[in-house]
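Hello,

Here is the structure I promised to pass on. Please open it first; my notes follow below.

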Amino acid sequence: MTLLLYGAYGYTGELIAREAVDRDLDVIVAGRNGTKTRGVGIQLGTESRVFPADEAGYNLDGVDAALNCAGPFVETYEPFVEACLETGTHYLDITGEFRVFEALAERDREAEKAEVCLLPGVGFDVVPTDCMAGHLHDRLQGATHLRLGFEAPTSMSGGTVASAIEHASGGGKVRRDGAIETVLPADEGRTIDFGNGPKHAVRIPWGDVSTAYYTTGIPNIEVYAAMPERAARAMELSQPVSKLLSVEPIKRGLQAVGRRLASGPSEEERESGRTYVWGEATDGERTVTSRLVTPETYALTVDAATTAAGRLADEDADLTGYHTPATAFDPEFVLELDDVEGFFDEVDER
Ligand SMILES: NC(=O)c1ccc[n+]([C@@H]2O[C@H](COP(=O)([O-])OP(=O)(O)OC[C@H]3O[C@@H](n4cnc5c(N)ncnc54)[C@H](OP(=O)(O)O)[C@@H]3O)[C@@H](O)[C@H]2O)c1
């Protein structure tokens, strides 16, 4: 079955394209730049298709699943999803942008009707934390509050920096009583042992604020990332400056600089890095805590995205509608990925 991979010459897209070819998936590489797309196609021995994202509708012939790796995804997901719904093609991406998750969740019924699966977030953001959410919900079905978090020492790719800048002026996000609310970024600090010793952590607007709700139905959700206290304080102080990022030319300028400066982790960093994922769910009386240890974030993304896309492109996959990784497969999905350890479970009776 055929998988079209868009954004195939980006840092992450190319790694996924290589992995998909290594796993003998039938891959078509795609992107908007002809020379770069065809270059990857020639290196990997695959068909290549060159088109801007808004012409996806004319370019999905013979494709069973499309994996969009071209971010910031707020700029690319819409025409792709339209094209997938029209042509009966499954859609996946590696977004972590809650606006994209929320927009796709709203199209659940349309996707059901078109017999298409919409499965965003098949990278580090949100596979391990989403599976963690599902696992904690299985352990404590009546949970009312869910907190997720991770410690991920890694360097970022240009696309990740550009995506972070894209949303930086939007503030922090939490879910309260089922609704997504805006809070100050890095506003809430606490000490968390993600599995590698206690660390200072702050609340971040991670994709799970959207997805974990669809996975678990738990109405109150927060996500934390390990961050040294000094860095968290600097983030708080830079608040007035981050407002400037809503000014389009300033945002574009900074994104261009970020893309030039950030080259992503080296092969050695991807191979040796470890990431610690933590979550706790409580119903006010019982609190359950679990942890996972995973490979470095981009290494995990390559494995998770390739595995998820391979499953959806499979002839026997009959998933339709909007899904999170944990509802598409199940919370154990993360344990099928290479070198993931867990779930390490604890219970705290109050
Ligand atoms: N979920 C996760 O954990 C996870 C992990 C890794 C990456 N990501 C996300 O994936 C995205 C890509 O990351 P990356 O590391 O591969 O970045 P990258 O090296 O900058 O590559 C981005 C790719 O997307 C293409 N692209 C960007 N905007 C486009 C548009 N409007 N239309 C068509 N193509 C467009 C780029 O093409 P041009 O060069 O022609 O612009 C390039 O091929 C980022 O948003 C990043 O945050 C998520």
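Two rings of Phe, Tyr or Trp count as a pair if their centres lie within 6.5 Å. The model, which is a predicted one, holds eleven such aromatic pairs.

Take Phe150 and Trp206. Their rings are tilted, with 45° between the planes and 4.6 Å from centre to centre. This pair links distant parts of the chain, 56 residues apart. Phe150 sits in strand S7, while Trp206 is in the loop between strand S11 and helix H8. Both residues are buried.

Tyr213 and Tyr214 pair edge-to-face, at 5.8 Å centre to centre and 65° between the planes. Tyr213 is partly exposed, at 27% relative accessible area. Tyr214 is partly exposed too, at 33%. Arg175 lies over the face of Tyr214, 5.8 Å from the ring centre. Elsewhere, ring pairs join Tyr6, Phe51 and Phe80 into a cluster.

Now the core. The largest nonpolar core has 90 residues. Leu4, Leu67, Phe80, Leu92 and Leu146 touch the most other members. Helix H13 (residues 297–313) gives the most to this core: eight residues. Domain 1 and domain 2 both contribute residues, so the core lies between them. Another core, of seven residues, lies apart from it and includes Phe194, Tyr276, Trp278 and Val293.

Overall, the chain has 14 helices and 16 strands. Of its 350 residues, 55% are buried.

Best wishes

Methods:
Residues are numbered from 1 along each chain as its sequence is written. This is a predicted model: local features need pLDDT of at least 70, side-chain atom pairs count only at pLDDT 80 or more; totals for chains, interfaces and linings use all residues. Side-chain values use heavy atoms; hydrogens and water are left out. A nonpolar core is a set of buried Ala, Val, Leu, Ile, Met, Phe, Trp, Tyr and Cys residues joined through side-chain atoms within 4.5 Å. Buried means under 20% relative accessible area, exposed over 50%, partly exposed in between (1.4 Å probe, protein chains only). Helices (H or I, at least four residues) and strands (E, at least two) are DSSP runs, numbered from the N terminus. Domain bounds come from an automatic or database domain assignment. Rings of Phe, Tyr and Trp (its six-membered ring) pair if their centres lie within 6.5 Å; planes under 30 degrees apart count as stacked, over 60 as edge-to-face and the rest as tilted. A charge sits over a ring if NZ of Lys or CZ of Arg is within 6 Å of the ring centre and within 35 degrees of the ring normal.
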